[in-house]
Structure formats: C-alpha cells, structure tokens
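Visitor: Please show me how to read the features of this model, one at a time.

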Amino acid sequence: MTEPLVQARQLTKHYVLRGGLFSRRQVVRALHWVDLTVYPGETFGVVGESGCGKTTLGRCLLRLVEPTFGEVLFRGENLLQLDRETLRQRRRYFQMVFQNPYLSLDPRMNVLHLVGEPLVTHTDLRGRALAERVVALLERVGLSADQLYRYPHEFSGGQLQRIAIARALALNPLFVVLDEPTSALDVSVQAQILNLLKELQAELGLTYLFISHDLSVVQHVSDRIAVMYLGRVVEVGTTDRIFHDTRHPYTQALVSSTPIPDPQARRARVVLQGGVPSPLNPPPGCSFHPRCAQALPLCATEEPRWVDVGDGHLVACHRVG
C-alpha cells in the first residue's frame with residue numbers, strides 16, 4: 001500500500017465571534033473533526049454546498065489558516081508542530097491555486113515578479129536566470145515570453161489562472177490545493193484549464209486536492225471524493241462509488257442534481273427541504289437530520305460513526321451499516 005502524502009486527523013477549525021456588552025460570544029464551527037487521507041499522484045475531490053467548510057479545509061491543510069485542533073501530516077511530519085522557519089522551508093512542497101485570479105494576483109506586479117516571487121524567496125535565482133525560469137514556467141502553462149512584463153489587468157480570466165498555476169508550480173511542489181480553480185471562468189475556458197491541470201499532473205507527478213461545488217467537474221477530474229456538509233465529511237469513496245453506489249442521503253441529493261449529458265436519460269431528483277443550518281448553532285446529533293427524509297429518531301441525538309461499506313467507501317449515517 002502506498003504511503004499517504006497528506007493526512008488530516010480530527011482536524012477542527014472554530015472561529016470565535018466576540019459578543020458586545022450585553023451579548024455572549026459565539027463559536028462558528030467552520031470545520032469539525034475531519035479525517036481524510038490523500039495518496040501521491042491522485043486527485044482528491046472535495047464537494048459540498050457553499051459554506052460547508054471546503055475552502056477552510058484546504059487552507060488548514062496548508063496551514064494558511066491555523067486549525068483549532070487536530071493534526072495535519074505531510075509525508076508523516078505534523079505541520080502544526082513546525083516552527084515558523086521550518087514551515088517556510090516546507091512550503092515549497094505544497095502550494096495553492098485560489099478561486100479568483102483577479103484577487104489572488106497583485107495588480108501592481110508584472111508577470112516576472114508574480115511568478116518569480118517564490119523563486120526569489122526560496123532559491124538563489126536572480127536576473128537573467130530568474131527570467132529564463134519564469135519564461136519556462138509560462139510556456140509550460142500555455143503562455144509566452146512576450147507576456148513577461150505585462151500586468152494582470154492586461155490578461156483575460158483564463159490567462160490569469162494560467163499565471164496563478166505557473167506561480168504555484170515554480171518550486172516543483174508535490175501537493176497542490178485547487179480551490180474552485182475554474183468557477184470564475186467561462187465554460188470553454190474551464191475545459192482548457194482542467195485539461196492543462198491533468199496534463200501537468202501526468203507530466204510532473206502532482207497530487208491535487210480539488211475543491212468545487214460543481215459535481216460534474218469533480219467527477220471528471222477526481223480519483224476519490226469527499227462530500228462535506230456543515231463542516232464535516234459525510235461520505236468518502238472512489239468517484240465511481242460516490243456516483244453509482246451513493247449511500248448518504250445528502251450525497252444522493254447532490255448527485256441527483258447533477259446534469260446528465262444524455263437528453264434521453266432521466267434521473268430521480270431528491271429535493272432537500274429547508275436551508276443549511278447556521279454553523280453558529282448546528283443541530284444536535286447528525287447535522288443533516290433536519291433536512292433528511294430518511295432521518296431516524298437516533299439521528300437527532302447522536303452523531304453517526306463512520307461505516308466502511310467496502311473498498312474504502314466510508315459513510316457517516318445511522319441508516320448505513
């Protein structure tokens with residue numbers, strides 16, 4: 001069995017909202033008791049509704065956000081125990097591509113400085129050698145040398161995301177978190193970026209954590225998928241198992257809402273009642289039970305445990321087992 005590249009154990013992130021003179025402070029459970037394992041060379045998809053904790057999970061894995069509790073192991077080393085200098089040295093091995101390239105790239109810096117900044121920080125490359133390395137990175141993502149001294153406002157959204165990808169690849173990382181990398185792009189450009197990411201993964205042996213709310217995109221790119229709801233992972237399995245042997249009621253609702261490319265095909269639609277509860281006041285027991293048509297009395301009082309239904313397919317549901 002291949003050794004894991006990244007592991008999260010009981011990963012938790014709570015935000016404290018401090019109250020005023022006559023109000024008590026409140027706790028937002030952005031991420032609660034998350035366990036997952038990512039293996040070298042795979043694309044691990046993370047899906048769920050907006051506000052479910054997907055982005056917080058990605059940032060906690062890279063320690064861009066400090067978790068409240070738990071462990072993050074990268075090649076067996078707990079990142080949460082590293083001092084600042086050691087963590088800075090390790091950062092060359094894991095990078096992140098953010099959702100909106102218009103906000104993640106400094107508009108005051110040209111492409112040479114945007115892509116070259118991590119190289120200046122972590123290597124001795126300077127001057128002509130630095131420019132040659134940046135040009136090589138640009139060409140790898142489908143851009144050219146004549147764009148080296150342009151600024152972000154001179155590029156389209158797809159080109160900006162290519163620049164962001166080039167910057168993430170500058171230090172030859174092993175693990176890249178892709179936080180909805182295509183959601184701000186046109187559909188035709190989305191396909192180009194997804195194909196580029198797959199080509200780079202095959203060429204460089206990259207491992208991806210692919211965060212998205214679009215199940216059709218995640219199905220296209222992922223080897224395994226974790227489904228999140230209200231800060232917790234409720235189902236994990238291979239892409240085939242998640243889409244064709246769905247066990248958790250929430251996952252069933254998500255999959256039923258995914259468009260089918262065949263106009264003759266029909267799929268029974270599972271419609272959820274109500275909205276997502278507030279993370280300030282999550283329901284007791286299974287957090288999904290107020291919206292679940294299959295809920296048992298036990299669901300309102302006791303959190304479900306993981307059940308392995310075969311081939312590493314894990315489900316947190318009282319009805320499974």
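**Reading the fold and its cores**

Guide: The secondary structure comes to 10 helices and 12 strands, where helices (H or I, at least four residues) and strands (E, at least two) are DSSP runs numbered from the N terminus. This is a predicted model, in which local features need pLDDT of at least 70 and side-chain atom pairs count only at pLDDT 80 or more, while totals for chains, interfaces and linings use all residues. Residues are numbered from 1 along each chain as its sequence is written, and side-chain values use heavy atoms, with hydrogens and water left out.

Visitor: What radius of gyration does the protein have, and what would a compact globule have?

Guide: The radius is taken over C-alpha atoms, and the globule rule is 2.2 Å times the number of residues to the power 0.38. For 321 residues the rule gives a value near 20 Å; the protein has 21 Å, which agrees.

Visitor: Which residues touch the most other members of the largest nonpolar core?

Guide: A nonpolar core is a set of buried Ala, Val, Leu, Ile, Met, Phe, Trp, Tyr and Cys residues joined through side-chain atoms within 4.5 Å. Buried means under 20% relative accessible area (1.4 Å probe, protein chains only). Here the largest core has 57 residues, and V115, V134, I163, I165, L200 and F210 touch the most other members. Helix α6 (residues 157-169) supplies the largest share of this core, 7 residues. Apart from it lies another core of 31 residues, including V34 and M96.

Visitor: What share of the residues is buried?

Guide: Buried residues make up 49% of the 321.

Notes:
Buried means under 20% relative accessible area, exposed over 50%, partly exposed in between (1.4 Å probe, protein chains only).
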